[in-house]
Each structure stands twice: as structure tokens, then as C-alpha cells.
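Please keep the sequence and the model in view while reading.

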Amino acid sequence: MTSSGFQQYSRYVEGLNDMSLALEKVLIPATGHPTHRSAEETDPKLNIAVIFTSIECTLAALKRAGALASSLGARITLLAPQVVPYPLPLQSPPVLLDWNERRFRVIANESPVETTVRLYLCRDSVETLIGVLSPKSVVVIGGRKSWWPFTREKRLARKLRRAGHEVILTETE
């Protein structure tokens, strides 16, 4: 392989792992009265990651994560990887970011605790999630209840467990 061929190949391989943080919004639910927060409460040590799968399943996962976060004094981060197909540039997703922002704002407002939404434009959603999660993260994934052991959500949960994360799979009917 010539040096120019190697450079093209290395750029191609680097491009496979491309991802881009397209949106990060901190959404605080409007329920209750505003309270004064200390520095410890605004930056808790525990963060619970909820992975977006579908609207209904993610709402169930947010509900479970919200109960867990309330009892532990933790925060929730909703991670939404959006796969951009190869013919398109990574910064040009097939779905408009404004539309996704509105959709995730509605979903995050269902959470009883402060929720940060992070939308990632990527080529491979699993690799992106493994790359952005902190080591030994607590992750909640929502999925449909199924007897089949190889659903997309169960496969994702297995891969994240193999990567060293604590995964809670919330199944809905």
C-alpha cells in the first residue's frame, strides 16, 4: 500500500468512529416551587443515563430513572444517538435538529428531576454510547416486554454490561 493509499485508508477508518454532540439542553421540570440549591445538589456525583429507544419505552425508563434519582439525589441524562447514513455528511442529519429538540423537550419534561438531553449525530449508535458514557455508569434502557432474548434493547443492554456499565432494563407491555 502506498503512503497516499494508507493516508486515505486511515482517514476512512477515523471517519467510521465519527460522532458529534449536536444538542445539549438542561431541562428542569416546572412542577413544585423553586428551591435554593447548594453546590452539592447542583453537581451531584451520581448521574443516571437513560438511553432513547422509542417514545413509549423511553418514558417508562425515565419514570424508573426518576424514582431512582429522587431517592439517590442524582441527575438524569437522556442520551439520544441519531444515526446519520453514510451518503450524508455527519453534520446533516436526515431529521432536523429543531424537530428533535422539541420532541426531546416534551419527553424530558415527563421526568420528575433535572434532566439533561444530549443528542449525538453518529454513524454507529452503540459505539457512540460506549464512547460517551463514563466508566461504570448507571444506565436505564426502556424496551418492550418480549419473550425473545435478542431484541434491540436487550442486545444493547448486554453490550453495555460487557463494557462495564450497570444496566437496568425497564420493559413495558
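Helices (H or I, at least four residues) and strands (E, at least two) are DSSP runs, numbered from the N terminus. The model is predicted, so local features need pLDDT of at least 70 and side-chain atom pairs count only at pLDDT 80 or more, while totals for chains, interfaces and linings use all residues. Residues are numbered from 1 along each chain as its sequence is written, and side-chain values use heavy atoms, with hydrogens and water left out.

**Overall fold**

- The chain has 6 helices and 6 strands, which follow the pattern α-β-α-β-α-β-α-β-α-β-α-β along the sequence.
- Of the 173 residues of the chain, 39% count as buried; buried means under 20% relative accessible area, exposed over 50%, and partly exposed in between (1.4 Å probe, protein chains only).
- A contact means heavy atoms within 4.5 Å. Among contacts in the chain with a separation of 6 or more, 80% are between residues 24 or more positions apart.

**Nonpolar cores**

- A nonpolar core is a set of buried Ala, Val, Leu, Ile, Met, Phe, Trp, Tyr and Cys residues joined through side-chain atoms within 4.5 Å.
- The largest nonpolar core has 19 residues, and those with the most contacts inside it are Ile-48, Val-50, Ile-76, Leu-78 and Phe-104.
- At least two residues of this core come from each of β2 (47-51), α3 (55-72), β3, α4, β4 (115-122) and β5 (138-144); the largest share, 4 residues, comes from α3.
- Not counting residues up to four places away in sequence, Val-50 touches Thr-58, Ala-61, Leu-62, Ala-65, Ile-76, Thr-77, Leu-78, Leu-79 and Val-140.
- A second, separate core of 13 residues includes Ile-51, Val-126, Leu-129 and Ala-157.

**The second largest pocket**

- On a 1 Å grid over the protein atoms alone, a pocket is an open set of points where a 1.4 Å probe fits, with protein on both sides within 12 Å along at least five of seven lines; lining residues have an atom within 4 Å of a point.
- The second largest pocket has a volume of about 320 Å³, a volume being the space filled by probe spheres set on the grid points, which are joined across faces, edges and corners.
- Of the 21 residues that line this pocket, Phe-52, Pro-81, Val-83, Ser-125 and Arg-152 are the closest to its centre.
- Two or more lining residues come from each of β3 (75-83), α4 (97-108), α5 (125-132) and α6 (152-162), and α6 gives the largest share, 5 residues.
- The lining divides into 12 nonpolar, 4 polar and 5 charged residues. Here Ala, Val, Leu, Ile, Met, Phe, Trp, Tyr, Cys and Pro count as nonpolar, Asp, Glu, Lys and Arg as charged, and the others, Gly among them, as polar.

**Salt bridges**

- The structure holds 6 salt bridges, each defined as a side-chain nitrogen of Lys or Arg within 4 Å of a carboxyl oxygen of Asp or Glu.
- In one of them, Glu-56 pairs with Arg-144, the closest N and O atoms being 3.3 Å apart. This pair links helix α3 to strand β5, 88 residues apart.
- Glu-56 is partly exposed at 41% relative accessible area, and Arg-144 is partly exposed at 44%.
- Lys-154 and Glu-171 meet in another salt bridge (3.5 Å, N to O), which links helix α6 and strand β6 across 17 residues.
- Within that pair, Lys-154 is buried at 15% relative accessible area, whereas Glu-171 is partly exposed at 35%.
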